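Reader: I would like to learn how to read a protein model. Please take me through it one feature at a time.

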Amino acid sequence: MRARTLWITVLVCVGLAGCGNTVGKQALYGGGAGVLGAAVLQGSIVGGVVVGAAGNVLYCQHKPGGCR
């Protein structure tokens with residue numbers, strides 16, 4: 001179980017690292033990664049979407065050097 005959780009966490013982080021060219025795409029990519037992570041971990045789907053989208057937009061907008 002511990003290894004499975006680790007791999008899921010790594011995959012979700014890789015998904016969140018993918019920035020789009022626009023804020024909408026960044027939110028979409030982050031929300032997608034969040035919903036996948038929540039589904040696999042049996043968490044709140046809505047919470048996963050919100051946290052994933054917000055996290056990816058914040059990361060992509062404030063990353064030094066930008067994602068674009």
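The dialogue below goes from the whole chain to single residues.

Reader: What should I know before I start?

Author: This is a predicted model, in which local features need pLDDT of at least 70 and side-chain atom pairs count only at pLDDT 80 or more, while totals for chains, interfaces and linings use all residues. Residues are numbered from 1 along each chain as its sequence is written, and side-chain values use heavy atoms, with hydrogens and water left out.

Reader: How many helices and strands are there in the protein chain?

Author: Helices (H or I, at least four residues) and strands (E, at least two) are DSSP runs, numbered from the N terminus. The protein chain has 3 helices and 0 strands. Read from the N terminus, its elements run α-α-α.

Reader: What percentage of the residues in the protein chain is buried?

Author: Buried means under 20% relative accessible area, exposed means over 50%, and partly exposed is in between (1.4 Å probe, protein chains only). Of the 68 residues in the protein chain, 24% are buried. Areas can also be given for the whole chain; they come from the Shrake-Rupley method with a 1.4 Å probe, and for residues only the protein chains shown count as cover. The accessible surface here is about 4,500 Å², and carbon and sulfur atoms hold 71% of it.

Reader: How do I check the length of helix 2?

Author: Compare its span with the expected one, which is 1.5 Å times one less than the number of residues. Helix 2 has 18 residues and reaches 26 Å from its first C-alpha to its last, close to the 26 Å expected.

Reader: Which residues of helix 2 are buried?

Author: They are Gln-26, Gly-30, Gly-31, Ala-33, Gly-34, Gly-37 and Ala-38. These residues cover an arc of only 165 degrees around the axis, so they are on the same side of helix 2. The arc is that of the directions from the helix axis to the C-beta atoms. The exposed residues Leu-28 and Leu-36 are on the face turned away from the buried side. Tyr-29 is also in helix 2, and counts as partly exposed at 39% relative accessibility.

Reader: What is Gln-26 in contact with?

Author: Contact means heavy atoms within 4.5 Å. Gln-26 belongs to helix 2, residues 23-40, and is buried, with a relative accessible area of 0%. Leaving aside neighbours within four places in sequence, Gln-26 is in contact with Gly-20, Asn-56, Val-57, Cys-60 and Gln-61. For the chain, take the contacts with a separation of 6 or more: residues 24 or more positions apart account for 48% of them.

Reader: Which residues of helix 3 are buried?

Author: Gly-48, Gly-52, Ala-53, Asn-56, Val-57 and Cys-60 are the buried residues of helix 3. Their arc around the axis is only 140 degrees, which puts them on the same side of helix 3. The face turned away from that side carries the exposed residues Val-46, Val-50, Val-51, Leu-58 and His-62. As for length, the 18 residues of helix 3 should span 26 Å at 1.5 Å a residue, and the end C-alpha atoms are 26 Å apart, which agrees.

Reader: How far apart are the C-alpha atoms of Tyr-29 and Ala-53?

Author: They are separated by 7.0 Å, although the two residues are 24 residues apart along the chain. Gly-55 lies in helix 3, residues 45-62, and is partly exposed at 33% relative accessibility.

Reader: Where is Gln-42 found?

Author: Gln-42 is in the loop between helix 2 and helix 3. At 73% relative accessibility, Gln-42 counts as exposed. Gln-42 has a positive phi of about 60 degrees although it is not a glycine.
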